[in-house]
Amino acid sequence: MKKSLILIADDEIRLGKLVSDFLLNSGFGVLTVTDGKQAFDIFNEYRNKIDLIILDVMMPHMDGWEVLKEIKSISSVPIIMLTAKAEESDQLTGFKLGANDYVTKPFSPSVLVARVENLLKRTGRFGGEQLVSGNLSIDLIEHAAYIDDRPIEMTPKEFDLLVYFIQNEGIALSRDNILNAVWNHDYFGDLRTVDTHVKQLRAKLGLFSHYIETVRGIGYRMRCKDEDVD
């Protein structure tokens, strides 16, 4: 089974190493960074592989709130916020921006690992090797997609697009967000690229093309309904 990959972003190097060591000893894969911009850049580079983020609030270049907001605009990856403050207003800010959990320093590393495990199980990301929704299943290790166990032939970019849709199922995604997430922020093509690939992907989903809904004035949403199609 593939290890779940955790991204740790904390400018306190000793604390980051301590958390990293506990996670590694618990069988997780770990990436560590020490500032907000690095966290956002690394997430974009490994976004289809990262299963959870541990994100400190007070960091240079981009603070944790800004990183949280940017990542949650393009992904549903679970995020645990770390902070030295215990004020209720800070926790409310984090939850409103999409944080999944909140840990106040100082904390027990073993308790943090337990929270990581529980959050991964709750969000269906433990192991990170397979995505299943409706009649669709995706094997991230083999880079293969299936409808009712029948393989779907698709290009690498169509595969990345389908993975992004399923990881953000139920969320209305703008064309800008899709372009940035699937084609990277340095891509200079126009938004019609998204529409073209969605059309191709729908064609390959056949009877299940309705899984990808058009959201008027915004973009698209994946909603894998378990229903019979005539």
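Author: Lys204 forms a salt bridge with Glu158, their closest N and O atoms being 2.7 Å apart; the term denotes a side-chain nitrogen of Lys or Arg within 4 Å of a carboxyl oxygen of Asp or Glu. This is a predicted model, in which local features need pLDDT of at least 70 and side-chain atom pairs count only at pLDDT 80 or more, while totals for chains, interfaces and linings use all residues. Residues are numbered from 1 along each chain as its sequence is written, and side-chain values use heavy atoms, with hydrogens and water left out.

Because Lys204 lies in helix 8 (residues 192-205) and Glu158 in helix 6 (residues 156-167), the pair ties together parts that are 46 residues apart in sequence. Helices (H or I, at least four residues) and strands (E, at least two) are DSSP runs, numbered from the N terminus. Glu158 is buried, with a relative accessible area of 2%, whereas Lys204 is partly exposed at 33%. Buried means under 20% relative accessible area, exposed over 50%, and partly exposed in between (1.4 Å probe, protein chains only).

The whole structure holds 10 salt bridges. One of them joins the side chains of Asp10 and Lys105 (3.3 Å, N to O). Asp10 sits in the loop between strand 1 (5-9) and helix 1 (13-25), and Lys105 in the loop between strand 5 (101-104) and helix 5 (109-122), so this pair ties together parts that are 95 residues apart in sequence. Both Asp10 and Lys105 are buried. A network of salt bridges links Asp10, Glu12, Asp56 and Lys105.
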